[in-house]
Amino acid sequence: MISYTYQTGLANFGNTCFMNSAIQILCNTPGFADYILNDIYQFDINLINPQGSNGEIIQSFAYLIKELKSRKQLCIIANLFKKTFSKFYNIYYGNEQHDAAEFLLQLLDAINEDVNLIKKKPYLIMPSSKGREDLVVAIEQWDVHSQRNQSIITQLFQAQFKSKIECPNCKNMSITFDPYMIIQLPLTTQKSEKGIVYYLLDDQYKQKQMTLSVFKNYNFEWIQNEIRNQLRTQALIFNLSNKVKNYEIRPEDDIQYLKQQLLHSKLLVRPMQFQEIQIPYNYRCYTLITHTNPEFFNLTEIITIIFDFRTKIFEIYDFIEKNYSQQFQCQFDLFLESNSQETEQQCYFCHKQYCKFCELKKCQHSLKYYNNCISQPNFQLNIIVKWYGQGVPQIYNTEASIFLMQDKNEQFPINKTSLTIYDCLNFQQQQQQLDENNSWYCNQCNQHVQGIKQLLLYSTPQILIIQLKRFKSSDNISQKIKNNIFVKFPHILNMSKYVTNLNLPNDYLNGNNKNELKYKLYGVINHYGELYEGHYNSLIKNLEDQKWYCYDDSQVKEIQVQDIITQHAYVLCYERQN
């Protein structure tokens, strides 16, 4: 009967904390630990793989894992394993400090080669995308990978990136689906001049700030399509507006014009509601809706709602009552914004001069009736919802509009002292332009260009390993600078919004996602200090007793759940819940 009163640690025998922390993680990785402890690996050892170690690494590693799980000692020394591993990866000879994430990746790669069921790897040509559907190309490219790699590592730890590179000159695009075992997330709060900020709205006017990277003076039609791709839905409504007026922007208007408009307005993007999508195109009436107080001071940004041209005015009243009365909690009347507010021109609706707002009483007239009154091109129906009575807000929903206008140039809506893992995932999937030293050869232009690259997650594995890229090169090539920013990460990580092969619903904002892809945290590797003078330990949920422990070389102690999320996190390990 195994006792769980103590856990076995690994002695540090000369800067081996990087190795110890990674080994303890794998020792408690669901599915993988059982594969070792139950000797299943013995049936898979590949003795003829020239890229393997003739089974030496997996045998030495398995012996070490079994020692740790036997709990016969409080601490053991992994010198035999280190010697074996260094025989094939001589960078680990000696007592120098190394990167725990790099070691973990190399160890998994070494085990993959040692238990690879493919005895002789065939030479295969990777199929080209050639404008074909992602699903077809992804399956074909994974099949090529599987014909060379079949092991417990590919089953548990590997999935596919979707890598896109576009020529900025001729729009030629290359798409590949590359395998990965670890996701490296950049940590940044830097401002970007090569992007625009837009605001994603829900039906209660709550806003989520989003960023779209733009590397050329594209037109607004291109920007709309890119936002649709980013949100993975075609059913979107765009408004360029503020709390004063709605600004017209045409598909051919370029990014410079848009940026000028964004100095005094916001680009608002709203997923279409189901009832809007159902309206036939020929019957769609794009109607501005503006909420005001009794003095006609706008309470919200102006947005567009799609009604059926045949909709009666009394039905508009019912719509407002149903969708907004709970938020405003007072009475309302409807008005139409006039075309003759400060001119002698006759109002389209009441035919008076200097008319600002025409009262829109409950009646049987349809929207088409009022739309036919308009003779001016591009004049859009603007229904004013005037709220009055007790409880009219001075400014509605300001707390929900989290991000102020002066923040518009930030890459992400973040506090400079902290990030969330979702901020990092968002940034990692942004388009980036290659620099001159990493140019890409365009086979249509027949020249090297600074391509626009985007790295997306096409799929995620059973065991998801995330590295927070805390280290970057400095002016001194031999040194790296550490970013100590606090990255907040959840115990349950929802990856639904970041995987491209999921059919996500339009409801991007509120998390009511039926296709949830959730991961449960089971391990964290922490790093303290600088890269070559620092220290690693690991916080792990033990497989046997399901308690959390801090494995700090030879010292192991139980910890509380609230002690897991710290600013020292470097590698995060998650298991898929389903």
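Tutor: Two strands pair if DSSP finds at least two bridges between them. Strands (E, at least two residues) and helices (H or I, at least four residues) are DSSP runs, numbered from the N terminus. This is a predicted model, where local features need pLDDT of at least 70 and side-chain atom pairs count only at pLDDT 80 or more, while totals for chains, interfaces and linings use all residues. Residues are numbered from 1 along each chain as its sequence is written, and side-chain values use heavy atoms, with hydrogens and water left out.

Student: Which strand pairs with E27 over seven bridges?

Tutor: Strand E31 (residues 569-576) does, in the antiparallel sense. Find Leu 521 and look across to Tyr 574 in E31. E27 is also joined to strand E28 (residues 535-541) by six bridges, again antiparallel. There, Ile 525 has Ser 538 of E28 as its bridge partner. Strand E26 (residues 492-494) runs antiparallel to E27 too, with three bridges.

Student: Why is strand E27 largely enclosed?

Tutor: Buried means under 20% relative accessible area, exposed over 50%, and partly exposed in between (1.4 Å probe, protein chains only). Strand E27 (residues 518-528) has eight of its 11 residues buried, so the rest of the structure largely encloses it.

Student: How many residues of helix H13 are buried?

Tutor: Seven of the eight residues in H13 (residues 421-428) are, so to read the helix, take it as mostly covered. The buried residues are Ile 421, Asp 423, Cys 424, Leu 425, Asn 426, Phe 427 and Gln 428.

Student: What is the strand order in the open sheet of five strands?

Tutor: The order is E8-E7-E11-E9-E10, and the pairing is mixed. E8 (207-213) and E10 (246-247) are the edge strands, each pairing on one side only. Inside this sheet, E7 (residues 195-201) and E11 (residues 266-271) run parallel, joined by two bridges. Tyr 199 has Leu 268 in E11 as its bridge partner.

Student: Which strands form a hairpin with six residues between them?

Tutor: E3 and E4 do. Lys 171, in the turn, has a positive phi of about 70 degrees. Four bridges link E3 (residues 159-166) and E4 (residues 173-176), which run antiparallel. Lys 164 sits opposite Ile 175 in E4.

Student: Which residues have the most contacts inside the largest nonpolar core?

Tutor: A nonpolar core is a set of buried Ala, Val, Leu, Ile, Met, Phe, Trp, Tyr and Cys residues joined through side-chain atoms within 4.5 Å. The largest here has 54 residues, and Phe 32, Phe 61 and Phe 157 have the most contacts inside it. Apart from it lies another core, of 36 residues, including Leu 201, Phe 328, Cys 330 and Leu 336.

Student: What does Phe 61 touch?

Tutor: Contact means heavy atoms within 4.5 Å. Setting aside neighbours within four places in sequence, Phe 61 is in contact with Ile 23, Leu 26, Phe 32, Ile 36, Phe 81, Leu 107 and Ile 111.

Student: How many cavities of 30 Å³ or more are there?

Tutor: On a 1 Å grid over the protein atoms alone, a cavity is a set of points where a 1.4 Å probe fits but cannot get out, and lining residues have an atom within 4 Å of a point. A volume is the space filled by probe spheres set on the points. The count is three cavities of 30 Å³ or more. About 60 Å³ lies in the largest cavity. Helix H1 (17-27) and helix H3 (56-70) each give two or more residues to its lining. Among the lining residues are Gln 24, Cys 27, Leu 68 and Lys 69.

How values were computed:
1 Å grid on protein atoms, 1.4 Å probe; cavity = no way out; pocket = protein on both sides within 12 Å on 5 of 7 lines; lining within 4 Å.
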